[in-house]
Amino acid sequence: MGHAHESNTKRIWIVLAILTIVTTVEVALGIVKPAGLHLHGWGTSWLNWIFIILTIVKAYYIAWAFMHLEGEKPWLRRAIVWTAVFLICYLVTLVLIEGGYLYDTLAPLVKW
C-alpha cells in the first residue's frame, strides 16, 4: 500500500537544458552584438527587445517549473502570470521613456 514516488530526474534535466539554451543565446548575443539588431524599433534597439523577451521567457519558465504553477488551478496561474506580465511591461515602459529622456538630455554633455 506504499505510495510510488516518481523520479523527477528527467524533468530536472529538461528544465536545465531549456534554461541553458536560453541563457546561451542571451550570452552569445551579448558577446557578438550583431550590427543588424542595433536598429531602433519601439523605443530601443531590437537587441534590447530580444534580451527583454528572453528574460521574461526564463522568468516564466522558472516560475512554471520551480514554483509548480503547472499544477495549480487556472485562475491562480493567470493571477500570478498576468500580474507579473503587467508589472514587467509597466517597468519596461518606464525604463524606456526615462532612458530616452536621459539620453536626449545628456547627449550634448556626455560622450557615449
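Is Lys58 buried or exposed? In this predicted model, Lys58 sits in helix α2 and counts as buried, with a relative accessibility of 19%. Beyond its neighbours within four places in sequence, Lys58 is in contact with Leu19, Val22, Thr23 and Glu26.

Confidence comes first. The protein chain has a mean pLDDT of 84, and 91% of its residues reach 70 or more. Helix α1, residues 9-32, has the highest confidence, at a mean of 92. The lowest is found in strand β1, residues 40-41, where the mean is 70.

The pairing of α1 with α2 can now be described. Helix α2 spans residues 46-66, and α1 packs against α2 at an angle of about 165°, with the two axes 10 Å apart. That angle makes α1 roughly antiparallel to α2, since angles over 145 degrees count as roughly antiparallel. The crossing of these two helices is left-handed. Sorted by class, the contact of α1 with α2 holds 16 nonpolar, 3 polar and 3 charged residues.

Two residues give further views of this pairing. Ile62 is placed in helix α2 and is partly exposed, at 38% relative accessibility. Its C-alpha lies 8.3 Å from that of Val15, although Ile62 and Val15 are 47 residues apart in sequence. Not counting residues up to four places away in sequence, Ile62 touches Leu19 and Met67. Ala17 belongs to helix α1 and is likewise described as partly exposed, with a relative accessible area of 37%. Ala17 and Trp64 are 47 residues apart in sequence, and their C-alpha atoms are 15 Å apart in space.

What is the angle between α2 and α3? The two helices pack at about 155°, with their axes 12 Å apart. This makes α2 roughly antiparallel to α3, and α2 passes α3 in a right-handed crossing. From α2, Trp49, Ile52, Ile56, Tyr60 and Trp64 take part; from α3, their partners are Arg77, Val81, Ile88, Val92 and Leu96. The residues of this contact divide into 9 nonpolar, no polar and 1 charged.

Ser45 is buried, with a relative accessible area of 7%. Leaving aside its neighbours within four places in sequence, Ser45 is in contact with Leu37, His38, Leu39 and His40. One of these, His40, belongs to strand β1, residues 40-41.

Two loop residues deserve a mention for their backbone. Most residues other than glycine have a negative phi. Lys33, in the loop between α1 and β1, has a positive phi near 50°. Lys33 is partly exposed, with a relative accessible area of 47%. His68 lies in the loop between α2 and α3, the latter being residues 74-106. The phi of His68 is near 60°, again a positive value in a residue other than glycine. His68 counts as partly exposed, at 48% relative accessibility.

Conventions: Residues are numbered from 1 along each chain as its sequence is written. This is a predicted model: local features need pLDDT of at least 70, side-chain atom pairs count only at pLDDT 80 or more; totals for chains, interfaces and linings use all residues. Side-chain values use heavy atoms; hydrogens and water are left out. pLDDT is the predictor's confidence in each residue, from 0 to 100. Helices (H or I, at least four residues) and strands (E, at least two) are DSSP runs, numbered from the N terminus. Axes are lines fitted to C-alpha atoms, for helices over the stretch in contact, and angles run from 0 to 180 degrees between N-to-C directions. Angles under 35 degrees count as roughly parallel, over 145 as roughly antiparallel, 65 to 115 as roughly perpendicular and the rest as oblique. A crossing is left-handed if the near helix is turned anticlockwise from the far one by less than a right angle, and right-handed if clockwise. Ala, Val, Leu, Ile, Met, Phe, Trp, Tyr, Cys and Pro count as nonpolar, Asp, Glu, Lys and Arg as charged, and the others, Gly among them, as polar. Buried means under 20% relative accessible area, exposed over 50%, partly exposed in between (1.4 Å probe, protein chains only). Contact means heavy atoms within 4.5 Å.
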